[in-house]
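Look it over, then read on for a few of its details.

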Amino acid sequence: MTRWVLGVDSGGSGLRVALARANEPDDTAGAEAVGAFDGSPAPAGITEVGEPVRTGPSGIDPDHLLELTLPRAHALLADATGEHGDLHDHRVDAVCVGAAGMATLGGGLRAALPGAFARALGARRVALAADAVTAYAGALGERPGAVVAAGTGMIATGTDLRAWRRADGWGHLLGDCGGGAWIGRAGLEAALRAHDGRPGGSAALLARAEAAFGPAAALPGALYPRTDRPAVLASFAPEVARCAEDDPVAARVMTEAAAQIAMSAAAVCPEGGESRIALTGGLFRIGEPLLARLRRELAVRLPHARTVPAAGDPLAGALLVAGRLARGTLRLPADPALLHIVGERPV
């Protein structure tokens, strides 16, 4: 009987599914290929879906997630076992789903997915994780520390391996301070101040806003009806970063963004001893206009912490969690909202 694990990374722009062997303790081959850690499973196959899972009034739609995931899981298993392989000789021991919105909108997933994966794949154990947790597992593995995941939004997650701590991640209307939408909104506000002749405006940002979106006076009509407002706001963040070297208003926005991110990291980082902090997510591709300021802020607020590169991404983190579940060696702490684990112990 060949044993497998399945990792799923569900985000705002789509979904990825990966299949890997449930490693024996000494099987570490290929871990570096996914930026994983010793003993983490290397993927036998990965597939992507360019369609996000639907979210409705009751939260994330479990039927839609299964509709996107199960056919691809079966296809990966068929590819991995060979055209003439007998699928009855193969078993998916554990599944980990990391999903954006799991903590607050994942009630339907927690109710439906464990049974569905057991019936469809024979999965004995299922972990349903917030995407911040799989980002943490991919970046730092099972070490204590903190991970800042920043793209359109921003969330910081930390653990001492006894409990999780979370800061921000409350969405673009209530938080995500320092994230891409936050930076973009601040830059567009400065552009509109310049358009009006109010203090705090930036002529440089006004010029870039009109180049990107058209006349400033039409910006509210172009933005407010959009269902993807956070992504549209975040699309302006790189323009703010490009202006930051020469424009004092843009520089202040980037400095404040770095301070907000550092405050969230400090809120979740374990106290005592040396901790690791990893930065992951598309926002940090902005580069030095943000990173140089963030390094300075972290040095002041977390002098005991060391910033390290993220070893892998959230899909690698989902595979790590699934692999550890299959072997019964998971050290990351369970949590009703952030890391919900269902199923029997491995045999």
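S10 is buried, at 6% relative accessibility. Buried means under 20% relative accessible area, exposed means over 50%, and partly exposed is in between, with a 1.4 Å probe and protein chains only. S10 sits in strand β1, residues 2-10. Strands are DSSP runs of E with at least two residues, helices are runs of H or I with at least four, and both are numbered from the N terminus. Residues up to four places away in sequence aside, S10 touches L15, V53, L65, G98, A99 and A100. Contact here means heavy atoms within 4.5 Å.

S13 is exposed, with a relative accessible area of 66%. Its place is the loop between β1 and β2 (15-21). Leaving aside neighbours within four places in sequence, S13 contacts V49, G50, E51 and P52. S13 and D247 are 234 residues apart in sequence, and their C-alpha atoms are 32 Å apart in space.

## About the model

The model is predicted: local features need pLDDT of at least 70, side-chain atom pairs count only at pLDDT 80 or more, and totals for chains, interfaces and linings use all residues. Residues are numbered from 1 along each chain as its sequence is written, and side-chain values use heavy atoms, with hydrogens and water left out.

## Two packed helices

Two packed helices are described by the angle between their axes and the distance between the axes. Helix α4 (residues 131-140) packs against helix α12 (residues 314-327) at about 90°, with the axes 7 Å apart. The axes are lines fitted to C-alpha atoms over the stretch in contact, and angles run from 0 to 180 degrees between N-to-C directions. α4 and α12 are therefore roughly perpendicular to each other. That term covers 65 to 115 degrees; under 35 is roughly parallel, over 145 roughly antiparallel, and the rest oblique.

From α4, the contact uses T134, A135, A137 and G138. From α12, it uses P314, A316, G317, A318, L320 and V321. By class, this contact has seven nonpolar, three polar and no charged residues. Ala, Val, Leu, Ile, Met, Phe, Trp, Tyr, Cys and Pro count as nonpolar, Asp, Glu, Lys and Arg as charged, and the others, Gly among them, as polar.

## Aromatic pairs

How many aromatic pairs does the structure hold? There are two. Rings of Phe, Tyr and Trp (its six-membered ring) pair if their centres lie within 6.5 Å; planes under 30 degrees apart are stacked, over 60 edge-to-face, and the rest tilted. Y136 and W164 form an edge-to-face pair, 5.3 Å centre to centre with 90° between the planes. Y136 is in helix α4 and W164 in strand β10 (residues 164-168), 28 residues apart. Y136 is buried at 0%, and W164 is buried at 9%.

F213 and F236 have ring centres 6.1 Å apart and planes at 50°, so this pair is tilted. F213 lies in helix α6 (residues 203-213) and F236 in the loop between α8 (229-234) and α9 (237-243), so the pair ties together parts 23 residues apart in sequence. Buried or partly exposed: which is F213? At 26% relative accessibility, F213 counts as partly exposed. F236, at 1%, counts as buried.

## A serine in strand β11

S275 is found in strand β11 (residues 275-280). S275 counts as buried, at 3% relative accessibility. A polar atom of its side chain lies 3.4 Å from the backbone oxygen of P270. Neighbours within four places in sequence aside, S275 is in contact with G145, C269, P270, H304, A305 and R306.

Note on methods: A polar contact is a pair of N or O atoms within 3.5 Å; within protein, one must be able to donate a hydrogen and the other to accept it, and residues adjacent in sequence count only if both atoms are side-chain atoms.
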